[in-house]
Amino acid sequence: MEKIFRPSPNSFKNTFCVFHEESLDSINGLELQYDSKSGSKYYYTKVGMYRLSNHWGRLANNKWRLEPLEPEIDSKIKLGFAPWTNFYPDNTLEELYYLEANYLKKTVNYQHKKNPNYDNKAILRSSFETTKRIKQVRNLFNLTSWAKYFDYDDLDVLRKKIIDKLILTNKSLEEIKRELK
């Protein structure tokens, strides 16, 4: 009988990770290895972790995000998988995070600098600064009242110019808006 893989309990503390949603069939035959007080269930393999949960995001001392299946499944409980190599160290002081905007979906997310897709173009920020910028980008995507102060032909083009500068520079939103007026 194969020995069950169990990572060190402290190996997940203070980590950032992006899980990818999987079908519930993925855990068929796997043994439940940890059942948290909040109801999340964990299944460990040599390759990575499956997490079955109805809550994602900030968890105790971790930042774990779930990237949903396309098209999204209408269920509150989601199964996510992440390879062990996708767990990165997290702390509130270091500049560990950068932003990525999806202009088609009008969404913004943050990624860790150790993500292999990081191209060193986006500015790295602390957790606090990243959160502030995310809020600003979401407002630019979701609101239009700010645009009445600009002379523009295409709102999406103006929006992209401002968001790109928020991601790629350390300029404040006010500075960027002043430059574009």
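Of the 181 residues of the protein, 38% count as buried, a label given to residues with under 20% relative accessible area, whereas exposed means over 50% and partly exposed lies in between (1.4 Å probe, protein chains only). The structure is a predicted model, in which local features need pLDDT of at least 70 and side-chain atom pairs count only at pLDDT 80 or more, while totals for chains, interfaces and linings use all residues. Residues are numbered from 1 along each chain as its sequence is written, and side-chain values use heavy atoms, with hydrogens and water left out.

The protein has three helices and ten strands, these being DSSP runs numbered from the N terminus (helices H or I, at least four residues; strands E, at least two). Read from the N terminus, the order is β-β-β-β-β-β-β-β-β-β-α-α-α. A box of roughly 70 × 35 × 30 Å, taken along the principal axes, holds the C-alpha atoms. Among contacts (heavy atoms within 4.5 Å) with a separation of 6 or more, 64% are between residues 24 or more positions apart.

On a 1 Å grid over the protein atoms alone, a pocket is an open set of points where a 1.4 Å probe fits, with protein on both sides within 12 Å along at least five of seven lines; lining residues have an atom within 4 Å of a point. The lining of this second largest pocket comprises 18 residues, and Glu-67, Pro-68, Lys-105, Thr-107 and Asn-109 are the ones nearest its centre. At least two lining residues come from each of β6 (62-67), β9 (97-102) and β10 (107-112), with β10 giving the largest share, four residues.

The loop between β9 and β10 also contains Lys-106, a partly exposed residue with a relative accessible area of 35%. Beyond its neighbours within four places in sequence, Lys-106 is in contact with Phe-141, Asp-156 and Arg-159. Lys-106 and Asp-156 are 50 residues apart along the chain, and their C-alpha atoms are separated by 9.9 Å.

Asn-14, in the segment before β1 (15-22), has a positive phi near 55° and is partly exposed at 40% relative accessibility. Asn-120, in the loop between β10 and α1 (127-142), has a positive phi of about 65° and is exposed, with a relative accessible area of 62%.
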